Amino acid sequence: MPDIDYRLSQQLLLRTDLPGPRSRDLAARRRAAVGACVASVVPVYAADADGGVIVDVDGNSLVDLGSGIAVTGVGASNPVVAAAVREQATRFTHTCFMVTPYEEYVAVAERLVALTPGDHDKRAVLFNSGAEAVENAVKIARHATGRNAVVAFDHAYHGRTNLTMALTAKNVPYKDGFGPFVPEVYRMPMSYPFREPPAPDGTTVTGAQAAARAIDLMDKQIGVRRIAALVLEPIQGEGGFIVPAPGFVPTLAGWARAHGIVFVADEVQTGLARTGAWFACEHEGVVPDLTTIAKGIASGLPLSAVVGRADLIDEVHTGGLGGTYGGNPVACAAALATLDQMRDLELCDRARRIEELARPRLQALADDVGIVGEVRGRGAMLALEFVRPGTREPNPEATREIAARALEHGVVVLTCGTYGNVIRLLPPLVIPDELLSAGLEVLENAIRAT
Ligand code: PLZ
């Protein structure tokens, strides 16, 4: 990564207990005005952020190991992105692409068509959120195939809208009491190497075998000719940073292709340099029919995309997809600048370097303490799964305690997982080495203290 001039000092510095007095005041205002249904991971309120730090309203400088859930890869106030947003906002903030189109939308589509796996004829359509991208991918698949059934996997997360809640696996907090959900959504077993029961002959289930297990169920329970789409995260995010066994994703993608089923890679969390490649599918040479992209693409301005086979996307009638804000010009300007910065700062390399720095430390710690069952992930998408000592039983209590302790010492980490027993690391890709190291040290101490 070329040298970066950070605007804020890249250091961990605590001036008050957390949350400080100003954060506590804001929390009181919030309780009286904001719906309690919206939760926040940390109780401190942000005032400024840059590189790998978030400065709160009390002047505490925290280490950010979450990037606002994998969004601010190029930093939360990247100067190139900020300048592009400012410039676009002074010209126009909105016309609606469905009314008066503009170049910025076309330019983002061109970039995504070129960047996504495969050199076949592709198209892109822009939306606002990850969930909206996934919904539209399903709409495209249903329209293009004339079929209804959609398959998602155990531990999957695809969003909070009605269709994407149905695709999402975990009940609390995402689905509980919010049904009924759309019909014709089927759930298949995932490849989860750490929690995979051994095969009947005692061997470890391979990715190809795990895929064959799902394929057999799809054939018997749904009927291959009824399936419009398989929707799969190449590495599951909210479900626990589950990296399927090698061969799982390519086997499913190949089978889908052979049966006219649209293979949708949900790269909302894995996409755009996070795993050390532009897209996680590249690690196994998988070329999806459709890819959903959001989060990192516009550094937090609301933008998402469905990108993929031109024959599928252009099969939908003109006017069939859209939305007032989809591909908003300010968000597109942010995306173009973000993509430039990812290339110019060599952030795919940087994500691999973050793994080189962090993984050996995390693994050494795991070997040393009894509660880390597995260290896994790819690039700057790494996780620790916590268990009760000597077992594989999930340990959500320790996980919560460690995350709280890390925050107390100024490091923002996120948890995830079906069992709530995974700590995930998603640092901004531009975090300097020393700050990453300081953040890891706090996390290591929190784990040892638990
Ligand atoms: N697909 C793979 O990770 C969003 C959700 C946080 P939106 N993940 C963070 C929460 O609790 O709401 C996500 C994802 C994958 C789709 C989505 C949905 O993206 O932009 O949040 O709609």
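1. Handedness of α4 on α10. In this predicted model, α4 goes past α10 in a left-handed crossing. The two helices cover residues 103–115 (α4) and 329–344 (α10), and their axes come within 8 Å, crossing at roughly 35°. If you want to look at that packing residue by residue, α4 brings E104, Y105, A107, V108, R111, L112 and L115. From α10 the partners are P329, C332, A335, L336, L339, D340 and R343. Sorted by class, that contact has ten nonpolar residues, four charged ones and no polar ones.

2. The α7/α8 pair. Helix α7 spans residues 207–222 and helix α8 spans 248–258; their axes come within 7 Å and cross at roughly 35°. On the α7 side you'll find G207, A208, A210, A211, I215 and M218, and these meet F248, T251, L252 and W255 of α8. This contact splits into eight nonpolar and two polar residues, with no charged ones.

3. Who sits around the ligand. The ligand has 15 residues surrounding it, and the closest are G130, A131, R160, D266 and Q269. What does the shell look like by class?

4. Which side chains are worth a look if you're setting up the ligand? Q269 is one: an N or O atom of its side chain is 2.8 Å from a ligand oxygen. Y157 also has a side-chain N or O atom facing a ligand oxygen, at 3.2 Å. With E238, the ligand atom is a nitrogen, 3.3 Å from an N or O atom of the side chain. As for burial, the ligand on its own exposes 500 Å², and the protein buries 82% of that.

5. Cis peptide bonds. Two to keep in mind when you check backbone geometry. The bond from L18 to P19 is cis, with omega near -5°, and P19 is in the segment before α1 (21–33). The bond from G179 to P180 is cis too, with omega near 5°; P180 belongs to the loop between α6 (162–167) and β6 (185–188).

6. C96 isn't a glycine, yet it has a positive phi of about 80°. Where does C96 lie? You'll find C96 in the loop between α3 (79–91) and α4, and α4 is the helix from point 1 that crosses α10 at roughly 35°.

Key
Residues are numbered from 1 along each chain as its sequence is written. This is a predicted model: local features need pLDDT of at least 70, side-chain atom pairs count only at pLDDT 80 or more; totals for chains, interfaces and linings use all residues. Side-chain values use heavy atoms; hydrogens and water are left out. A residue is near a molecule or strand if one of its heavy atoms lies within 4 Å of it. A polar contact is a pair of N or O atoms within 3.5 Å; within protein, one must be able to donate a hydrogen and the other to accept it, and residues adjacent in sequence count only if both atoms are side-chain atoms. Accessible areas come from the Shrake-Rupley method with a 1.4 Å probe; for residues, only the protein chains shown count as cover. Axes are lines fitted to C-alpha atoms, for helices over the stretch in contact, and angles run from 0 to 180 degrees between N-to-C directions. Helices (H or I, at least four residues) and strands (E, at least two) are DSSP runs, numbered from the N terminus. A crossing is left-handed if the near helix is turned anticlockwise from the far one by less than a right angle, and right-handed if clockwise. Contact means heavy atoms within 4.5 Å. Ala, Val, Leu, Ile, Met, Phe, Trp, Tyr, Cys and Pro count as nonpolar, Asp, Glu, Lys and Arg as charged, and the others, Gly among them, as polar.
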